[in-house]
Amino acid sequence: MAEPVIDEALRERLKSALWFSIGKIVDEEILQLNVNATPQFIGALTEMVWAQLENISRDLESFARHAGRSTVNTDDVLLLARRNEGLGELLRAFVDEENAGKLADKGKGKGKGVAKK
């Protein structure tokens with residue numbers, strides 16, 4: 001299947017935002033660790049993260065397509081994390097917590113069981 005065409009300007013804006021965010025994280029860490037990081041390090045780290053995001057997005061799209069869906073859902077994300085046991089456990093716990101919250105909210109309908117004054 002062909003790659004979707006992404007506006008080059010948007011791609012560059014996204015990469016710039018990623019570079020900025022990674023730079024902030026690196027700055028926080030170097031202060032705590034009392035070390036230095038060069039701009040080249042931040043650039044290389046940004047390129048590595050960008051490449052990883054591209055791979056992850058392709059995998060998630062493939063999982064959804066294989067399941068006959070056009071939208072990625074939590075099952076696809078959990079499938080992606082299957083080889084990283086710790087990450088998989090964290091994601092499953094998060095999904096279970098979110099689902100439990102949704103079920104609790106579902107029972108709280110507008111005005112149910114509340115007397116109007």
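Lys-15 is found in helix H1, where helices (DSSP runs of H or I, at least four residues) and strands (E, at least two) are numbered from the N terminus. The model is a predicted one, in which local features need pLDDT of at least 70 and side-chain atom pairs count only at pLDDT 80 or more, while totals for chains, interfaces and linings use all residues. Residues are numbered from 1 along each chain as its sequence is written, and side-chain values use heavy atoms, with hydrogens and water left out.

Lys-15 counts as buried because its relative accessibility is 17%, buried meaning under 20% relative accessible area, exposed over 50% and partly exposed in between, with a 1.4 Å probe and protein chains only. Leaving out residues up to four places away in sequence, Lys-15 touches Thr-46, Glu-47 and Trp-50, a contact being heavy atoms within 4.5 Å. With Glu-47 there is also a side-chain to side-chain polar contact at 3.2 Å; this term denotes a pair of N or O atoms within 3.5 Å, where within protein one must be able to donate a hydrogen and the other to accept it, and residues adjacent in sequence count only if both atoms are side-chain atoms.

## Helix H2

Thr-46 lies in helix H2 and is buried, with a relative accessible area of 4%. Apart from residues up to four places away in sequence, Thr-46 touches Lys-15, Leu-18, Trp-19 and Ile-22.

The buried residues of H2 are Ile-42, Thr-46, Trp-50, Leu-60, Phe-63 and Ala-64, and they pack against H1 and helix H3 (74–80). Just after H2, Gly-68 adopts a positive phi of about 80 degrees.

## The largest nonpolar core

Six residues, namely Leu-18, Ile-22, Val-26, Ile-30, Ile-42 and Trp-50, form the largest nonpolar core, defined as a set of buried Ala, Val, Leu, Ile, Met, Phe, Trp, Tyr and Cys residues joined through side-chain atoms within 4.5 Å. Helix H1 (8–33) and helix H2 (39–66) are the elements that give two or more residues to this core, and H1 gives the most, with four. Ile-30 is in contact with Val-35, Asn-36 and Ala-37, its neighbours within four places in sequence being set aside.

## The chain as a whole

The protein chain contains four helices and zero strands, and buried residues make up 15% of its 117 residues. Among contacts between residues at least 6 apart in sequence, 34% join residues at least 24 apart.
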